[in-house]
Amino acid sequence: MIDLAFMGDTAQALLKGLPLTLELFGVSALAGLVLAVLIAWMRSGGRVLRGLAGAYVFVFRGTPLLVQLFLVYYGLSQFPEVRHSFAWPFLRDPFWCAVLTLSLNTGAYTSEIIRGALAAVPAGQVEAARACGMPAALLFRRIIAPVALRQALPSYATELILMTKATSLASIVTLKETMFVAARINSETYRAIEVFLCAGAIYLALNVVLARAIALLEWWLSPHLRRPPDALPGLDTPLDRAVGLEGPRLSGAPRP
Amino acid sequence: MKRIAILAPAALAAALGAGPAAAKDWTKVTIATEGAYEPWNYVLPDGKLAGFEIDLAHDLCRVMKVECAIVQNDWDGMIPALNAGKFDAIMAGMSITAKRLQVIDFSRSYASGPSGFLVPKAGDLAKLPGTGEILAMGTDEAKAKPVIDGMRAMLKGKSIGVQVATIQAAFVHHHFDDVATVQEYKTADQNDLDLMAGRLDASFAEESVQLSTLAKPDAKDLAIVGAEFRGGPDLGDGTGVGLRKNEPELKAMFDRAIAAEIADGSLKKLQDKWFKLDMMPPG
């Protein structure tokens with residue numbers, strides 16, 4: 001039933017939409033991250049700043065991305081004031097409308113991830129650093145940032161994966177990215193299974209790469225969680241084994 | 001055991017294949033429409049479906065003496081959903097084309113109208129050649145060629161909006177893909193919105209739909225310009241009821257009902273009410 005030659009052609013056609021998908025993802029993820037840091041900073045500020053940041057997060061986390069995209073793309077363009085404003089060359093372009101919406105959306109979620117990660121830094125560590133007389137900048141660089149970053153990475157990986165998939169919504173504002181090409185091939189051939197299997201596989205492959213890359217970053221940032229190497233007995237291995245208290249054991253045998 | 005194993009697929013095939021096709025007694029027909037293609041089919045502010053095809057569907061069901069249920073479905077999933085059995089017929093301004101005939105069947109045509117360009121009155125496309133003419137692509141090819149060439153020259157570097165997977169999209173891709181940017185929209189409404197917002201230089205659609213766009217106050221700066229087209233390999237032979245291939249009885253029922261509606265003048269009456277345009281199918 002599934003025609004492999006057709007799937008090959010479809011995959012090739014879909015890959016033509018991949019650069020735009022990646023571009024949407026890259027630009028929005030970067031802009032969203034900058035925005036998120038700003039929002040997280042605002043949430044630790046005065047009452048007005050905190051209120052503004054809270055309202056933004058509330059609105060953008062509480063409404064569907066699809067609604068936001070429709071409002072930005074079709075909604076704003078209804079107002080002649082917008083069409084005659086300095087922002088129109090930017091808002092006229094579906095690409096920038098999609099980037100704007102995706103960044104605003106991911107910015108709201110990511111700011112919450114950052115806020116949670118900062119809150120999870122143990123108060124005792126901060127107090128200890130203060131007691132040692134660390135200045136604020138050093139405290140942030142040495143204690144808060146490293147702990148918060150490790151804390152945030154797993155959730156941020158999930159957010160980035162959600163973002164990759166969210167770029168497919170840009171197809172409804174005429175952007176010819178992977179999902180748009182898939183929908184068009186489907187409406188021309190009516191072979192939904194082959195077409196959407198291919199599209200799904202492309203997003204899956206993208207996310208495998210993304211998830212592995214972040215896992216690698218996590219591994220690199222968390223040496224203390226890694227399994228100690230076996231190669232240097234007496235240096236890294238626990239004392240009892242280094243001095244041979246266990247008696248002879250076969251190399252490669254499972255550790256206790 | 002062995003015998004059962006051999007018989008099972010045969011029984012299954014009989015149940016699946018022969019079942020629906022074997023002289024089914026139709027008492028209830030579910031018809032799908034899009035609900036975003038005024039005046040053919042659209043949704044009223046209170047959520048009810050209205051339009052030429054909604055009225056016609058009720059008429060046809062009365063003539064066929066069946067109970068009628070009208071459901072809404074997305075345009076681009078219409079044909080797969082029909083073949084998957086989610087409904088029995090499509091009445092959604094769907095034109096009869098060779099490509100669609102490969103996967104579904106159509107009743108005889110119940111409407112046929114031209115397609116053309118809708119542009120801002122003030123723009124430089126307002127002088128597209130051939131305004132007022134209707135060219136038949138199948139037969140008037142020689143007359144259409146110079147007009148299309150003139151349009152190609154004027155459309156260079158412009159953006160044209162069409163609804164995705166329509167005969168109009170096929171026509172525009174065929175003739176203007178290499179000179180203009182073709183933007184594809186999920187619905188005709190979205191295409192209109194972008195034309196009014198100034199994101200598009202022109203939109204190519206069915207004249208009947210453009211006329212109802214023009215009736216809206218927001219569209220006062222738009223106009224239908226240039227020659228209009230019908231027929232040929234892209235634009236097809238009019239609009240019919242889309243049906244599954246394995247249901248000749250239902251097709252025969254719709255064909256007879258449409259013929260009856262043409263004969264007693266009720267189809268013409270419905271078209272006059274909704275289109276204010278000659279949309280009678282040929283023959």
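1. A quick definition before anything else: helices here are DSSP runs of H or I with at least four residues, strands are E runs of at least two, and both are numbered from the N terminus. Keep in mind, too, that this is a predicted model.

2. With that in hand, chain A is quick to describe. Its pattern along the sequence reads α-α-α-α-α-α-α-α-α-α-α-α, which comes to 12 helices and zero strands. The chain has 256 residues, and 27% of them count as buried. If you take the contacts in chain A with a separation of 6 or more, 73% of them are between residues 24 or more positions apart.

3. One helix pair in chain A is worth a look. The axes of α8 (residues 123-131) and α9 (residues 136-166) of chain A come within 10 Å and cross at roughly 170°. Anything over 145 degrees counts as roughly antiparallel, so that is the label for α8(A) against α9(A). On the α8(A) side you'll find Gln125(A), Val126(A), Ala129(A) and Arg130(A), which meet Leu139(A), Ile143(A), Ile144(A) and Val147(A) of α9(A). Sorted by class, this contact has six nonpolar residues, one polar and one charged.

4. Now for how the chains meet. Chain A puts 12 residues in contact with 15 residues of chain B. On the chain A side, helix α10 (residues 178-189) supplies the largest share, four residues. The classes on that side of chain A are five nonpolar, three polar and four charged.

5. Chain B is divided in two: domain 1 covers 26-112 + 237-274, and domain 2 covers 115-235. Their C-alpha centres lie 25 Å apart. The contact takes 11 residues from domain 1 of chain B and 13 residues from domain 2 of chain B. Of the domain 1 residues on the side touching domain 2 in chain B, five are nonpolar, three polar and three charged.

6. Next, a sheet in chain B. Where does β1 (residues 28-33) of chain B find its parallel partner over six bridges? That is β5 (residues 67-72) of chain B, with Gln72(B) as the bridge partner of Thr33(B). β1(B) also pairs with β6 (residues 89-90) of chain B, again in the parallel sense, over two bridges. There, Ala32(B) has Ile90(B) as its bridge partner.

7. Then there is an open sheet of six strands in chain B, ordered β9-β13-β8-β12-β10-β11, with mixed pairing. Which strands stand at the edges? They are β9 (134-136) and β11 (181-185) of chain B; each has a single partner strand, so one side of each is left without a neighbour in the sheet. From one strand to the next, the twist averages 25°.

8. Staying with that sheet, β10 (residues 159-163) of chain B runs parallel to β11(B), and five bridges join them. Within this pair, Gly161(B) stands opposite Gln183(B). Helix α6 (residues 167-176) of chain B packs on the sheet, where it touches β8 (115-120), β10, β11, β12 (202-206) and β13 (222-230) of chain B. The direction of α6(B) makes about 150° with that of β10(B).

Notes: Residues are numbered from 1 along each chain as its sequence is written. Chains are lettered from A and ligands numbered from 1 in the order in which they are written. This is a predicted model: local features need pLDDT of at least 70, side-chain atom pairs count only at pLDDT 80 or more; totals for chains, interfaces and linings use all residues. Domain bounds come from an automatic or database domain assignment. Two residues are in contact if their C-beta atoms, placed from the backbone, lie within 7 Å. Ala, Val, Leu, Ile, Met, Phe, Trp, Tyr, Cys and Pro count as nonpolar, Asp, Glu, Lys and Arg as charged, and the others, Gly among them, as polar. Two strands pair if DSSP finds at least two bridges between them. Axes are lines fitted to C-alpha atoms, for helices over the stretch in contact, and angles run from 0 to 180 degrees between N-to-C directions. A residue is buried if 20 or more other C-beta atoms lie within 10 Å of its own, exposed if 12 or fewer, and partly exposed in between; C-beta atoms are placed from the backbone. Angles under 35 degrees count as roughly parallel, over 145 as roughly antiparallel, 65 to 115 as roughly perpendicular and the rest as oblique.
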